[in-house]
Amino acid sequence: MAPIEASLQACSPRLRRSRRVVEVSVVLLSLMQDLQQHRGLSGALLDQQLTFRGERAAVAEKLQRSLRAVAEQFGERHAVFRSDSWRGLLARWEALSNNWPNLDFSTNLSAHSELVLAVVDILGQIARDNAESLGVRRTRVASEWPALAEHLGMLRAIGLHLIGAAHGMDDARLCGAFKHHLHEFRSLLASIAADGYTPDALLQRSELVVARVVALRDGATKIGAQAYHDQMTRNIDDWFAAIRSQLSSS
């Protein structure tokens with residue numbers, strides 16, 4: 001056996017575990033994004049933007065297939081997909097997918113966020129359970145960065161609704177949620193920046209997003225809904241891309 005092949009074989013068990021963790025993490029990140037998209041589309045429909053009806057149905061069908069497939073594909077390797085918490089997530093999705101048209105905007109938003117955060121928790125659990133294979137950097141990324149992407153997703157969803165609603169900024173419940181996610185995003189961004197793993201350009205773009213969000217909250221800007229959506233979406237996509245890149249690099 002050639003020396004290189006012998007070396008690869010010697011380290012292959014740990015390498016295989018690492019690759020398997022990365023594989024399931026990437027699948028869960030896609031589930032996260034699909035749940036965020038379903039939240040946005042269902043919220044738009046509740047706001048009477050009926051042109052999104054077909055797109056929402058397509059995303060819901062994709063989620064239905066993906067949620068079943070992930071447990072079938074990874075259930076033997078990761079106990080979380082055989083746990084009560086995973087079964088509870090599936091039950092909550094079934095209830096939400098059937099009943100969201102009967103909810104108000106705030107309740108629909110909150111119910112979706114609970115599902116997204118459940119996926120975030122599973123990502124973190126899998127990373128921590130496999131910390132030895134992943135290493136410190138990738139464990140931290142998988143455990144902390146997805147939550148930041150979700151806080152951004154909530155700021156996008158709530159901000160768009162507040163911009164579009166006639167008296168949006170008078171809605172104390174939504175304004176309170178907006179303030180909460182802004183605070184959590186800023187705190188987590190500072191913690192992540194201190195780790196030194198994040199590209200400076202991404203941190204700088206995220207700081208600009210924070211400034212725009214604060215200006216929206218304080219009524220210091222008249223940003224349009226489309227411009228706000230585009231700015232937030234670019235930053236969210238940047239973070240998901242950064243998570244995938246960090247997980248894929250050894």
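This is a predicted model: local features need pLDDT of at least 70, side-chain atom pairs count only at pLDDT 80 or more; totals for chains, interfaces and linings use all residues.

Visitor: Why is S25 called buried?

Guide: The relative accessible area of S25 is 2%. Buried means under 20%, so S25, at 2%, is buried. This residue is found in helix 1, which covers residues 3-46.

Visitor: What makes L123 and L247 contacts of S25?

Guide: Contact means heavy atoms within 4.5 Å. With neighbours within four places in sequence left aside, S25 is in contact with L123 and L247. S25 and I122 are 97 residues apart in sequence, and their C-alpha atoms are 9.1 Å apart in space.

Visitor: What does the side chain of S25 reach at 2.8 Å?

Guide: The side chain of S25 reaches the backbone oxygen of V21 at that distance, 2.8 Å. The limit for a polar contact is 3.5 Å, and 2.8 Å lies within it.

Visitor: Why are helix 7 and helix 8 called roughly antiparallel?

Guide: The axes of helix 7 (residues 172-195) and helix 8 (residues 200-217) cross at roughly 160° and come within 11 Å. Angles over 145 degrees count as roughly antiparallel; the two helices are therefore roughly antiparallel to each other. The crossing is left-handed.

Visitor: Which residues make the contact between helix 7 and helix 8?

Guide: Among them are F178, L182 and F185 of helix 7, and L203, V210 and V213 of helix 8. The residues of this contact divide into 10 nonpolar, 1 polar and 3 charged.

Note on methods:
Residues are numbered from 1 along each chain as its sequence is written. Side-chain values use heavy atoms; hydrogens and water are left out. Helices (H or I, at least four residues) and strands (E, at least two) are DSSP runs, numbered from the N terminus. Buried means under 20% relative accessible area, exposed over 50%, partly exposed in between (1.4 Å probe, protein chains only). A polar contact is a pair of N or O atoms within 3.5 Å; within protein, one must be able to donate a hydrogen and the other to accept it, and residues adjacent in sequence count only if both atoms are side-chain atoms. Axes are lines fitted to C-alpha atoms, for helices over the stretch in contact, and angles run from 0 to 180 degrees between N-to-C directions. Angles under 35 degrees count as roughly parallel, over 145 as roughly antiparallel, 65 to 115 as roughly perpendicular and the rest as oblique. A crossing is left-handed if the near helix is turned anticlockwise from the far one by less than a right angle, and right-handed if clockwise. Ala, Val, Leu, Ile, Met, Phe, Trp, Tyr, Cys and Pro count as nonpolar, Asp, Glu, Lys and Arg as charged, and the others, Gly among them, as polar.
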